[in-house]
Amino acid sequence: MSKLTADQRNALPDEAFALPGRRYPIPDATHARDALARASEMLHNGHLTQEEYDTIHQKAENVLRRERL
């Protein structure tokens with residue numbers, strides 16, 4: 001899993017996160033893939049709603065698409 005230091009995470013704009021409250025940072029493809037894996041796990045464990053999961057999935061896929069271009 002990619003690591004962000006506290007300073008790096010704090011420097012990210014709000015748009016670099018999949019959920020409000022600066023949850024699930026997705027500034028690049030590596031973090032987007034990590035977010036997809038964690039979100040799936042959290043959904044199955046009951047820690048995310050389907051709507052939150054769908055939001056993370058959509059935003060992470062958008063990051064991955066941009067990175068492929």
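1. Is R22 buried, partly exposed or exposed? R22 is partly exposed, with a relative accessible area of 25%. Here buried means under 20% relative accessible area, exposed means over 50%, and partly exposed is in between (1.4 Å probe, protein chains only). R22 sits in the loop between β1 and β2. Its phi is near 55°, a positive value in a residue other than glycine.

2. A word on the basis. This is a predicted model, in which local features need pLDDT of at least 70 and side-chain atom pairs count only at pLDDT 80 or more, while totals for chains, interfaces and linings use all residues. Residues are numbered from 1 along each chain as its sequence is written, and side-chain values use heavy atoms, with hydrogens and water left out. Helices (H or I, at least four residues) and strands (E, at least two) are DSSP runs, numbered from the N terminus.

3. Next, strand β2. Y24 is found in this strand. Y24 is not a glycine, yet its phi is positive, at about 60°. Its relative accessibility is 16%, so Y24 counts as buried.

4. P25 also belongs to β2, which covers residues 23-25. P25 is buried, with a relative accessible area of 16%. What does P25 touch, leaving aside residues up to four places away in sequence? The list is L4, R9, L12, A16, F17 and H31. Contact means heavy atoms within 4.5 Å. P25 and E15 are ten residues apart along the chain, and their C-alpha atoms are separated by 9.0 Å.

5. Now the core. A nonpolar core is a set of buried Ala, Val, Leu, Ile, Met, Phe, Trp, Tyr and Cys residues joined through side-chain atoms within 4.5 Å. The largest one here has 15 residues. Y24, I26, A32, A39, L48 and I56 touch the most other members. Which elements give two or more residues to this core? They are β1 (17-19), α2 (29-44) and α3 (50-68). In soluble globular proteins, nonpolar side chains tend to be buried together.

6. A32 is among the core residues that touch the most other members. Not counting residues up to four places away in sequence, A32 touches I26, A60, V63 and L64.

7. How do α2 and α3 cross? Their axes come within 9 Å and cross at roughly 160°. That makes α2 roughly antiparallel to α3. Axes are lines fitted to C-alpha atoms, for helices over the stretch in contact, and angles run from 0 to 180 degrees between N-to-C directions. Angles over 145 degrees count as roughly antiparallel, under 35 as roughly parallel, 65 to 115 as roughly perpendicular and the rest as oblique. The crossing is left-handed; that is, the near helix is turned anticlockwise from the far one by less than a right angle.

8. The contact between these helices can be listed. From α2 come A29, A32, R33, A35, L36, A39, S40 and L43. From α3 come Q50, Y53, I56, H57, A60, E61, V63, L64 and E67. By class, this contact has eleven nonpolar, three polar and three charged residues. Ala, Val, Leu, Ile, Met, Phe, Trp, Tyr, Cys and Pro count as nonpolar, Asp, Glu, Lys and Arg as charged, and the others, Gly among them, as polar.

9. Some helix residues are exposed. H44 is found in α2 and counts as exposed at 65% relative accessibility. The C-alpha atoms of H44 and E61, 17 residues apart along the chain, are separated by 19 Å. E51 is placed in α3 and counts as exposed at 62%. E51 and L4 lie 47 residues apart in sequence and 26 Å apart in space, C-alpha to C-alpha.

10. Last, helix α1. A6 lies in this helix, residues 6-11. A6 counts as exposed, at 54% relative accessibility. A6 and Q58 are 52 residues apart along the chain, with their C-alpha atoms separated by 25 Å.
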